[in-house]
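Subject: Handover of a structure

Dear colleague,

Please find the sequence and the structure below. I would be grateful if you would read the notes that follow with the structure open beside them.

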Amino acid sequence: MASSRADLDGNSIKPMTICMIGAGGFIGSHLCEKLMAETPHKVLAVDVYNDKINHLLEPSSSPWAERIQFHRINIKNDSRLEGLIRMADLTINLAAICTPADYNTRPLDTIYSNFIDALPVVKYCSENSKRLIHFSTCEVYGKTVGCFLPKDSPLRQEPANYVLSEDTSPCIFGPIEKQRWSYACAKQLIERLIYAEGAENGLEFTIVRPFNWIGPRMDFIPGIDGPSEGVPRVLACFSNNLLRGEPLKLVDGGESQRTFVYIKDAIEAVLLMIENPARANGHIFNVGNPNNEVTVRQLAEMMTQVYTKVSGEPALASPTIDISSKEFYGEGYDDSDKRIPDMTIINRQLGWNPKTSLWDLLESTLTYQHRTYAEAVKKSTSVPVSS
Ligand SMILES: NC(=O)c1ccc[n+]([C@@H]2O[C@H](COP(=O)([O-])OP(=O)(O)OC[C@H]3O[C@@H](n4cnc5c(N)ncnc54)[C@H](O)[C@@H]3O)[C@@H](O)[C@H]2O)c1
Ligand SMILES: O=c1ccn([C@@H]2O[C@H](COP(=O)(O)OP(=O)(O)O[C@H]3OC[C@](O)(CO)[C@H]3O)[C@@H](O)[C@H]2O)c(=O)[nH]1
């Protein structure tokens, strides 16, 4: 680990203490790994779970044992939170319910988690003059302007109608009965509150809008390390189908488009924000990879090809199957049509660009999924021989 680190302006970076809330999740686990391996910073890791960071917490003889501490705290109701925020130089809040299957089926939990539970974090940072990096989402943009235009309108080709820009794009959600938007709306309101704390009370903040970060340790495989009936995000849904040799389910034909960025590229952007406060404070950053755009159907086809390569198992004759969103997610589901991040601001402020192609990131991720889960899935599906 380098001790003489310099920021983007050539100033040396002092070691800091970071209170990371939601450190036990997908993004948190990669951020903890990066901070331990490449920086001298200390992490107060707050979460209700620690399975994804256990490899960093044990053994106590590891080179970073003194620099990471796990606090099993539910931020809904724990008075220790303010003390941890006070002890830290910077708080990063990742804690959230952020799987679309929950937005329309558990809208109250979703709104509480993404708005109400984040309020004390913002308040403690503001009152104690502590810097905050808050994780929002690309979903705050909702749908694109372009999707309301006729299919053959040339205006659909104008970037202003589909590229999502922090300072200029509107936030377009569906009606209230489409409870899918409970998450985006809660995230938007907490963004507005943080922004207002900055404007009125001088809170030093950065807001991150991740655009479909994917990679190892994302979510769970149903019936293996998560509930059998659980519905994780698309990477884990499709991984589960591939591991079980069943067709990948395309919701409403798989026509929605997404841009996927490799978690390891995205974590580089977060580290730049952490270590360059003068360039990151007061900004909202899109973090995604505009070059990795596919429809969900194309994602399914590419994942099928990559999985065949890394597992050595043949692809199914019919690798995908269509399913309605009502059957897959239930009443109240709706979707973002297209998500291309404008990269101008992050590029200008932090000089960050994503590097990894979709094929390459799927190859390393599906190699991990196969190595981690294939045996367990095989065992769970093998029929016991009766004597
Ligand atoms: N992964 C992405 O592509 C993506 C995209 C958009 C936004 N985000 C945002 O980034 C953040 C992290 O996402 P992730 O993909 O790592 O999700 P994740 O579900 O893997 O991680 C969230 C973590 O927060 C913890 N948590 C939730 N409620 C808590 C509470 N009350 N007290 C303590 N811990 C709590 C969970 O246990 C979990 O470990 C979220 O705010 C999410 O909305 C992620
Ligand atoms: O088996 C499946 C699962 C999903 N789909 C469709 O894939 C699209 C992407 O789904 P997913 O990655 O699960 O979620 P979203 O991109 O819609 O939303 C996330 O984006 C960022 C974040 O804020 C946090 O990660 C979250 O809200 C979608 O069109 C599904 O319908 C499928 O076809 N088959």
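Leaving aside its neighbours within four places in sequence, which residues is Thr144 in contact with? They are Asn161, Tyr162, Leu164, Ile172, Asp337 and Lys338. Before I say more about Thr144, a word on the model is in order.

**The model**

Please note that this is a predicted model. The average pLDDT of the protein chain is 97, and 99% of the residues score at least 70. The ipTM is 0.99 and the pTM is 0.98.

Thr144 is placed in the loop between S5 and S6. Its relative accessible area is 3%, so Thr144 counts as buried, for which the limit is under 20%. The side chain of Thr144 makes a polar contact of 2.6 Å with the side chain of Asp337.

**Pro154, in the loop between S5 and S6**

Pro154 belongs to the loop between strand S5 (131–135) and strand S6 (163–164). Is Pro154 buried or exposed? With a relative accessible area of 64%, Pro154 is exposed, because the limit for that class is over 50%. Pro154 and Lys130 are 24 residues apart along the chain, and their C-alpha atoms are separated by 48 Å.

**Thr110, in a helix**

Thr110 is part of helix H5, which covers residues 107–114. Thr110 has a relative accessible area of 0% and is therefore buried. The side chain of Thr110 reaches that of Arg106 at 2.8 Å, and a polar atom of the Thr110 side chain lies 3.4 Å from that of Asp102. When neighbours within four places in sequence are left aside, the residues in contact with Thr110 are Ile97, Asp102, Tyr103, Ser182 and Tyr183.

**Backbone geometry to inspect**

- Glu58 and Pro59 are joined by a cis peptide bond, with omega at about -5°. Pro59 is found in the loop between helix H2 (54–57) and strand S3 (68–72).
- Ser129 is not a glycine, yet its phi is positive, at about 50°. Ser129 sits in the loop between helix H6 (119–127) and S5, and is exposed, with a relative accessible area of 67%.
- Arg217 is not a glycine either, and has a positive phi of about 70°. Its place is in the loop between strand S8 (213–214) and helix H8 (234–244). Arg217 is buried, with a relative accessible area of 15%.

Yours sincerely,
A colleague

Conventions:
Residues numbered from 1 in each chain as written. Chains lettered and ligands numbered in written order. Predicted model: local features only at pLDDT ≥ 70, side-chain atom pairs only at ≥ 80, totals over all residues. Heavy atoms only, no water. pLDDT = per-residue confidence, 0-100. Helix = DSSP H or I, 4+ residues; strand = E, 2+ residues; numbered from the N terminus. Buried < 20%, exposed > 50% of the residue type's maximum accessible area, 1.4 Å probe, protein only. Polar contact = N/O pair within 3.5 Å; in protein donor to acceptor, adjacent residues only side chain to side chain. Contact = heavy atoms within 4.5 Å.
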